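My plan is to look things up one at a time and jot down what I find.

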Amino acid sequence: MKSGVLAVFGASAAVLRSGSLEAAEMEASRPVLALAQAQARFWKASEGLERVSLAMNASQEDTSAKVDEFLRNQVSSDHSCHAKLYRYKNMLNHLHDDVNLVYSKEKALVETITIEEAVISDLETQIKNIVEEAKRKMKECKDAKAAACAQYETYSKELEELKQIGHSPT
């Protein structure tokens, strides 16, 4: 939230420095663009993560089939090997832990993106408000300038009349 407020003040300062509304819009949109680029990088990484997840599911299905076959052989055999069974069980436990870890990381990243999207939305609203306020102030300044120019014209004419009255030989 603090960075959003700083971006708003930065945009206001840009309007005052340059006097250009376009420059203020560019200045104010920088944090939004940076967040959007970070989000795009995350979604690309998320697609890769999804592909890895699908590959893990496929290999897990293959492993599951192999374990089932091994268990059938162990049950039907008179010479069952408890060490092999224990080793396969540990391998499956480790794979399961890895899948859970990847899932929790992905879930945390999705929550982070949701929060960042809310921040982006808030910044966009703030930028929109600043741009509208800058347009309003620019219009007020133009109106004040027009009024001041009209007054200057009137005062200039009155001054000229006073100078003529002051130089008249009466």
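**Entry 1: Cysteines**

I looked for disulfides and counted 0 in the structure. The model I am reading is a predicted one. A disulfide is a covalent bond between the sulfur atoms of two cysteines. I then checked how open two of the cysteines are. Cys-141 is exposed, at 51% relative accessible area. Cys-149 comes out as partly exposed, with 44%.

**Entry 2: Overall make-up**

Next I asked which elements the protein is built from. I found 3 helices and 0 strands. Along the sequence I read the pattern α-α-α.

The protein has an accessible surface of about 13,300 Å². Carbon and sulfur atoms hold 60% of that surface. Of the 170 residues, 15% are buried.

Then I turned to contacts. I took those with a separation of 6 or more, and 74% of them join residues 24 or more positions apart.

**Entry 3: Confidence**

How far can I trust the coordinates? I noted a mean pLDDT of 76 for the protein. I also noted that 57% of its residues reach 70 or more.

Which element has the lowest mean pLDDT, and which the highest? Helix H1, residues 2–18, is the lowest, with a mean of 47. H3 is the highest, at 89. Over residues 1–9 the pLDDT is below 50. Beyond near neighbours in sequence, I find 9 contacts for that stretch in the model. Where pLDDT is low, the predicted coordinates should not be read in detail. I leave the stretch of residues 1–9 there.

**Entry 4: Helix H3**

I moved on to H3, which runs over residues 82–166. How many residues does it have? I get 85. From its first C-alpha to its last, H3 reaches 122 Å. That is close to the 126 Å expected at 1.5 Å a residue.

I wanted to know which residues of H3 are buried.

**Entry 5: Salt bridges**

How many salt bridges does the structure hold? I count 3. Side chains of opposite charge can pair when their charged atoms come close. I took the bridges in sequence order.

Glu-133 pairs with Lys-137, with the closest N and O atoms 3.2 Å apart. The two residues sit 4 apart in helix H3, so about one helical turn separates them. Glu-133 is partly exposed, with a relative accessible area of 35%. Lys-137 is also partly exposed, at 43%.

Arg-136 and Glu-140 meet in a salt bridge through their side chains, at 2.8 Å from N to O. Being 4 residues apart in helix H3, Arg-136 and Glu-140 have about one helical turn between them. I find Arg-136 partly exposed, at 43%. Glu-140 is partly exposed as well, at 44%.

Lys-139 bridges to Asp-143, and here the closest N and O atoms are 3.6 Å apart. How are Lys-139 and Asp-143 placed in helix H3? They are 4 residues apart, which means about one helical turn. Is Lys-139 buried or exposed? I find it exposed, at 53% relative accessibility. Asp-143 is partly exposed, with 44%.

**Entry 6: What I keep**

I keep three points from this page. The protein has 3 helices and 0 strands. H3 has the highest mean pLDDT among its elements, 89. The structure holds 3 salt bridges and 0 disulfides.

How values were computed
Residues numbered from 1 in each chain as written. Predicted model: local features only at pLDDT ≥ 70, side-chain atom pairs only at ≥ 80, totals over all residues. Heavy atoms only, no water. Expected span 1.5 Å × (residues − 1). Buried < 20%, exposed > 50% of the residue type's maximum accessible area, 1.4 Å probe, protein only. Contact = heavy atoms within 4.5 Å. Areas by Shrake-Rupley, 256 points an atom, 1.4 Å probe, with all protein chains shown as cover. Salt bridge = Lys/Arg side-chain N within 4 Å of Asp/Glu carboxyl O. Disulfide = S-S within 2.5 Å. pLDDT = per-residue confidence, 0-100.
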